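Q: I am new to this structure. Please take a close look at one chain and walk me through it.

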Amino acid sequence: MSNPANSSQHTISLDAYAVLLALILALLVRLNLVPPIKW
Amino acid sequence: MTTSAITPARPITLVSHIVALIPGLLLLAAVGYAGKLIEQSIAAYTKAHHITFPNIEYVLWAIVIGLIIANTAGIPHIFQAGVATYEFWLKTGIVLLGSRFLLGDVLHLGGISLLLVAIAITLSLTFMHILGRAFRLKPKLTSLLAVGSSICGVSAIIAAKPAIDADDEDASYAIAAILALGAISLFTFPLIGHSLHLSDKAYGLWAGLAVDNTAEATAAGALYSDAAGKVAVLAKTTRNALIGFIVLGYALYWSSRGEAQKVGNKAAFLWRKFPKFVLGFLLISLLATLGFFTKPQLTSLTNLSRWAFLLTFAGVGLRTDLRELVKQGWKPFAAGAIGEVFIALLTLGLVYGADSFLRL
């Protein structure tokens, strides 16, 4: 279990990194720089 | 000179940090993919042999495999850093899922969710405090349990803990109780939803309003159906967005009693506590609404979000250590469990009401 005392700051940067990764992926898909993603 | 001595060390630290994540990431991928293979194999077998068998989503298999590993062999230290990234994949998946919502749908369903969340939070916070008194729990532990069960589980407890100067021990109790109750919700909510013949929208809204942790709410929705999972994420995201207001309320209450530090700039406090991934979700939804992506590109983004959720669901099972939860004592768990049943019934009533009067 994570230490709650340290996790508050961790959560903020985690959100920012998650948004950044999602936007980069969306841009790569938009510019057709990655092949169609299958499930 | 000092700077030049420190600067070269940074990339090495970053690289070693990323390398340390790889074993756990591979474990997440292996467990999640094994769940997917089991779902596909059962579907192929039952189809080939003309057997009628309900489709059990990979979500359940991934969680069960993770639970078995975590509670038998345990998670060796080398995997732990990578496994802990499951929350990162959850948030990335939610932002990408924004592409499946037109902004109008977000405002319509989000507006209904917001109204229901406001009613549910007010009543459930009150009920949790009555329960805390009945079970003679420490007041700050009661506050943490109330925040965790009415807003968004572990994240809310972590956000509230420093704001109300609660003990580490209280936070650990509250987190353990919320995690145990989240695991139980995963298995009970879909069964109740099916027995009540809830529509995908109604069930998704219920799961998003009642299940505490975002990962568990997403999984509980996806276990019912793809469409229910989508609605559950939207309702849960609306609930998450309110975290700052509730934590601010508690911080002001405890500081007025001289048992927590004073809150300075309230707007800055709200911004610090606001879950930023909600903004990413809205931005991708706006781009999709404006036609920024073609249809095949939207399919790719949806599938990327599914892969991110696959890693998340594997992590939900792998991080649930049932032995650790048993050690925490029965009182916080019992108070939490009674509170959860109350919240589940309350939100179910609200969803029925919304379905009749607001047309979901």
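**A close look at chain B**

A: Chain B has 17 helices and zero strands. Here helices (H or I, at least four residues) and strands (E, at least two) are DSSP runs, numbered from the N terminus. The radius of gyration of chain B is 21 Å, close to the 21 Å that the globule rule gives for 360 residues, so chain B is as compact as a globular protein of that length. That radius is taken over C-alpha atoms, and the rule is 2.2 Å times the number of residues to the power 0.38.

This is a predicted model: local features need pLDDT of at least 70, side-chain atom pairs count only at pLDDT 80 or more, and totals for chains, interfaces and linings use all residues. Residues are numbered from 1 along each chain as its sequence is written, while chains are lettered from A and ligands numbered from 1 in the order in which they are written.

Next, confidence. pLDDT is the predictor's confidence in each residue, from 0 to 100. Its mean over chain B is 86, and 95% of the residues reach 70 or more. Within the chain, helix α4 (residues 77-83) is highest, at 95, and helix α1 (residues 2-6) is lowest, at a mean of 42. A contact means two C-beta atoms, placed from the backbone, within 7 Å. The model as a whole scores ipTM 0.80 and pTM 0.82.

Now the fold. The C-alpha atoms of chain B fill a box of roughly 70 × 70 × 50 Å along the principal axes. Among contacts between residues at least 6 apart in sequence, 80% join residues at least 24 apart. Of the 360 residues, 49% count as buried. A residue is buried with 20 or more other C-beta atoms within 10 Å of its own, exposed with 12 or fewer, and partly exposed in between.

Helix α3 (residues 58-71) of chain B has 14 residues. It reaches 20 Å from first C-alpha to last, close to the 20 Å expected at 1.5 Å a residue. Its buried residues include Tyr58(B), Trp61(B), Ile65(B) and Ala70(B).

Ile184(B) sits in helix α8 (residues 168-195) of chain B. Ile184(B) is exposed, because 12 other C-beta atoms lie within 10 Å. Ile184(B) and Thr302(B) are 118 residues apart in sequence and 28 Å apart in space, C-alpha to C-alpha.

Finally, the partner. 30 residues of chain B are in contact with 24 residues of chain A.

Methods
The expected span of a helix is 1.5 Å times one less than its number of residues.
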